[in-house]
Structures are given as C-alpha cells and as structure tokens.
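I opened the notebook to record, entry by entry, what I looked up in this structure.

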Amino acid sequence: FLWFFQANYVNMEFKKSPDNFFVEEVMAPTLSGGKYFYYILEKKGIDSPHAIALVEEKNHARVFSSGLKDSDAHTLQWICAEKELVQPKDNSIGLIFKGRSNQKIFVGMHSANRFRITLRALSLIERKFLSSDLRKTAFPNYFDEQRFNEKTISAGTELLRENWEGAVKAVLTERLGFESEKSVAIKDLVAKNWGGWKMLAESPAMPESKKPIFRHLEGGGSFKDTIRLLDSKSISIACRAAQSLQFNKLLAAEIL
C-alpha cells in the first residue's frame with residue numbers, strides 16, 4: 001500500500017516506528033480455566049524474540065506465542081506460560097493478564113493481524129483519497145525481506161521446481177526458528193533418519209498424525225503423492241510464500 005501511495009502522492013510522510021505503526025494479533029481463545037496463564041504482551045521498539053526472552057528470564061519460565069512482531073512498531077500479541085508472570089522492569093514491555101486455559105498457544109494460532117498506520121503531512125487531495133477513494137483502488141501486496149528467507153520459501157520453491165522429495169523434506173525437517181521443543185525434536189528425528197521410513201513409522205516419538213506419511217513411503221509411495229499427506233496449512237503457507245516471492249520479483253522488475 002505505501003509503495004502505491006508514495007508513487008502517486010508525493011506529500012505524504014510515513015516513517016515506520018512505534019509511534020506510527022500499530023499491530024494487534026486477532027485471536028479469541030477460550031479462557032475458561034486451566035494450567036496456562038494467558039497474557040497480552042504489549043511492546044514498543046523491541047522485537048518478539050527479545051521481548052519474550054526478557055519475560056522468560058524474569059520469570060524463569062517457558063513462554064509460548066503465536067506470531068512474530070518486529071521492533072519498529074507498537075504491538076499487542078498473545079502469550080502464555082504455565083505460571084503467573086511478572087512484568088520485567090523494561091519500559092518497552094507490558095503484560096496484561098487475560099485468563100487461563102488448558103490449551104497452550106502454538107505458532108499460527110491467531111487468525112489475523114490488525115494494522116493501523118499514521119500518515120503525516122497529507123495534502124487535501126491525499127486526505128480525500130484516504131477518506132473516499134481508497135476503497136475503489138487496487139494496489140499490490142508488496143512484501144519486504146521480513147516475510148522471506150531461505151527457511152520460509154524453500155518448500156514452496158521446491159514445489160515450483162517439481163522437486164517433490166525436496167518439498168517433502170523441507171516441510172518435515174527444516175526448522176522455522178520459532179517452534180516448540182517437541183516440534184524441533186521431531187524434525188531433527190526425521191532429518192537424522194531420512195530414508196529410514198520403517199523406523200520413523202514405528203518410532204514412539206513420532207506423532208500418530210505423521211506416521212501415515214512414513215508408512216506410505218515405506219510401501220513405495222511416491223514423494224509427489226506424499227504431499228497430500230502433509231499438513232495442509234504448512235503446504236498452503238509454503239505455496240503462498242513462493243507465489244508472493246515470484247510476484248515481488250516481477251513487480252520489482254516493473255518499478256525499478
């Protein structure tokens with residue numbers, strides 16, 4: 001949106017900062033009691049990993065979250081822990097207790113993000129555009145480098161290349177950098193024993209939901225057919241990331 005607007009209206013000023021950029025996770029957890037204490041983590045000028053690390057250090061507890069929020073913003077995101085949390089002595093972080101649940105927050109649990117940006121030095125034409133004409137205008141969803149890295153796009157890239165084994169392996173073994181200890185352990189197990197389908201299918205450490213994948217491969221099934229057995233959300237995210245990256249490349253060639 002900002003690329004489109006700044007390309008057509010030159011007066012507007014926008015600087016990505018906690019004063020001008022607000023992000024709120026949209027999530028409606030069931031808080032009817034349980035072992036997990038749920039909080040809204042409010043932060044300014046600090047990214048999620050560092051903020052969560054400060055909370056964990058202060059409380060000597062593992063903190064679970066749904067998404068990553070960057071440092072150049074004022075953000076609200078959901079977190080939980082198995083104990084009541086005390087707020088760190090840091091002006092960039094705040095905690096708001098919301099209730100308790102038996103469900104642990106997992107990566108991707110929130111349904112959406114709500115954004116609010118502050119634009120300054122607007123001309124009358126720009127104000128009119130924002131108040132009435134913006135809804136009639138289509139603009140490109142132009143992602144930046146925060147959205148993409150080798151880990152987030154590798155599975156989708158392998159799918160585009162029709163490298164089915166590479167895509168399956170990427171989904172099952174590559175760490176995304178913000179996962180539970182259990183998820184990391186399972187991915188490490190698969191990576192270390194890639195090709196040992198019988199062992200993986202019979203491993204007590206392997207979740208029952210994943211065992212059909214390895215039984216299929218043990219029986220001679222193709223990697224292409226195996227993709228249908230993978231978590232549909234993981235495949236969807238991989239495809240959208242790869243598609244968006246291709247879009248960015250084509251759009252960049254047009255505007256640079």
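I began with burial, and I noted that a residue is buried under 20% relative accessible area, exposed over 50% and partly exposed in between, with a 1.4 Å probe and protein chains only. The model is predicted, so local features need pLDDT of at least 70 and side-chain atom pairs count only at pLDDT 80 or more, while totals for chains, interfaces and linings use all residues. Residues are numbered from 1 along each chain as its sequence is written, and side-chain values use heavy atoms, with hydrogens and water left out.

**Entry on ring pairs**

I counted rings of Phe, Tyr and Trp (its six-membered ring) as a pair if their centres lie within 6.5 Å, calling planes under 30 degrees apart stacked, over 60 edge-to-face and the rest tilted. By this rule I found 9 aromatic pairs. In one of them, tyrosine 38 and tryptophan 78 are edge-to-face, with 6.2 Å from centre to centre and 65° between the planes. Because tyrosine 38 belongs to strand β2 (residues 36-44) and tryptophan 78 to strand β4 (residues 74-81), the pair ties together parts that are 40 residues apart in sequence. For the element names I noted that helices (H or I, at least four residues) and strands (E, at least two) are DSSP runs, numbered from the N terminus. Are tyrosine 38 and tryptophan 78 buried or exposed? Both tyrosine 38 and tryptophan 78 are buried.

I then turned to tryptophan 194 and phenylalanine 223, which form a stacked pair at 6.2 Å centre to centre, with 15° between the planes. Tryptophan 194 sits in the loop between α6 (181-192) and α7 (197-202), and phenylalanine 223 in helix α9 (residues 223-226), 29 residues apart. Tryptophan 194 counts as buried because its relative accessibility is 19%. I also saw that ring pairs link Trp194, Trp197, Phe214 and Phe223 into a cluster.

**Entry on charged pairs**

Side chains of opposite charge can pair when their charged atoms come close. I took a salt bridge to be a side-chain nitrogen of Lys or Arg within 4 Å of a carboxyl oxygen of Asp or Glu, and the count comes to 8 salt bridges. One of them joins arginine 114 and glutamate 24 at 3.0 Å, N to O. Arginine 114 is in strand β6 (residues 112-117) and glutamate 24 in strand β1 (residues 21-26), so this pair ties together parts 90 residues apart in sequence. Arginine 114 is partly exposed at 44% relative accessibility, and glutamate 24 is partly exposed at 24%.

In another salt bridge, arginine 161 meets glutamate 158 at 3.3 Å, N to O. Here arginine 161 is exposed at 58% relative accessibility, whereas glutamate 158 is buried at 16%.

**Entry on nonpolar cores**

I defined a nonpolar core as a set of buried Ala, Val, Leu, Ile, Met, Phe, Trp, Tyr and Cys residues joined through side-chain atoms within 4.5 Å. The largest core has 23 residues, and those with the most contacts inside it are Leu172 and Phe214. Its largest share, 5 residues, comes from α5. Which residues is leucine 172 in contact with, leaving aside its neighbours within four places in sequence? Taking contact as heavy atoms within 4.5 Å, I listed Lys187, Val190, Trp194, Lys210, Ile213, Phe214 and Leu230 for leucine 172.
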